[in-house]
Amino acid sequence: MTELRVVLAEDHYLVREGTRRLLEASGEIGVVAAVGTADDLLDATRRLRPDVVVTDIRMPGSPDLVRPGMEGIDAAHRIRAASRDVGVVVLSQFSDALFALDLFRDGTEGRAYLLKDRVGDIDELLGAIRSVSTGGSVIDPKVVEGLLARRGIRDSPPPAELTPRELDVLREMAHGLSNGGIARALHLSVSAIEKHVNSIFMKLALENSPDTHRRVAAVIAYLGPR
């Protein structure tokens, strides 16, 4: 298996080194640079052309370069704008969906938003890194749950938009399940799930674009702020 080349950005030294060691111990990741500021992250990415950047949402950075408190997300936007080949995983302590929606505002391809406690679950973090390296997209399940609760998806979904079954499918889709996984969870056939998924995409006007990971885009489009 070829190692994925990763640039890691985290301003706390002990957290940065601990995360670097966890990633490298997996045997799947080679950390080509570990930096502590947004400026150094952008510089290392330009020079080293990694497969993936893993960055904290908050880091020291030039005020004219990034928004205070949003340095990791702003760096992610700049990195994706400069190179579509570099995936980005933003690690955040904030479960507020507005931060995740900011990351996905220009598209979903090659982007992931995870809460920082996922660092302790190395399989989940590795899964996000692998996903964005191939253009996939990941949004933390806890963020999705917050969106679901705020949107009232469990209790009284607007009947004119998605059917109750489509909402069930969307909920499982938001948790990252494949069509096969959704079929098993809902005790339906895979072909029935495919029909529901296509109907969701059509109702939410999500075209099959290389810039958009439609499963995450569906969650954002339906559950995001109105």
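At what angle do the axes of helix H8 and helix H9 cross? I started there, keeping in mind that this is a predicted model.

**H8 and H9.** I looked up residues 179-186 for H8 and 190-203 for H9, and found that their axes cross at roughly 110° and come within 9 Å. Angles of 65 to 115 degrees count as roughly perpendicular, so I put H8 down as roughly perpendicular to H9. On the H8 side I noted Asn 179, Gly 180, Ile 182, Ala 183 and Leu 186 in the contact, and on the H9 side Val 190, Ile 193, Glu 194 and Val 197. Sorted by type, the residues of this contact come out as six nonpolar, two polar and one charged.

**H2, Ala 38.** Next I went to Ala 38, which is in helix H2. Ala 38 has 0% relative accessibility, so I logged this residue as buried. Beyond its neighbours within four places in sequence, Ala 38 is in contact with Met 59, Pro 60, Gly 61 and Glu 71. I also checked Met 70, 32 residues away along the chain from Ala 38, and got 10.0 Å between the two C-alpha atoms.

**H2, Thr 45.** Helix H2 covers residues 38-48, and Thr 45 sits in it too. Is Thr 45 buried or exposed? Its relative accessible area is 8%, so I wrote down buried. Setting aside neighbours within four places in sequence, I listed its contacts as Val 7, Pro 50, Val 53, Ile 79 and Val 86.

**Aromatics.** I found one aromatic pair in the structure. The ring centres of Phe 94 and Phe 99 are 4.6 Å apart with planes at 15°, so I called the pair stacked.

Conventions. Residues numbered from 1 in each chain as written. Predicted model: local features only at pLDDT ≥ 70, side-chain atom pairs only at ≥ 80, totals over all residues. Heavy atoms only, no water. Helix = DSSP H or I, 4+ residues; strand = E, 2+ residues; numbered from the N terminus. Buried < 20%, exposed > 50% of the residue type's maximum accessible area, 1.4 Å probe, protein only. Contact = heavy atoms within 4.5 Å. Phe/Tyr/Trp six-rings, centres within 6.5 Å; stacked < 30°, edge-to-face > 60°. Axes fitted to C-alpha atoms, helices over the stretch in contact; angles between N-to-C directions. Parallel < 35°, antiparallel > 145°, perpendicular 65-115°, else oblique. Nonpolar A, V, L, I, M, F, W, Y, C, P; charged D, E, K, R; others polar.
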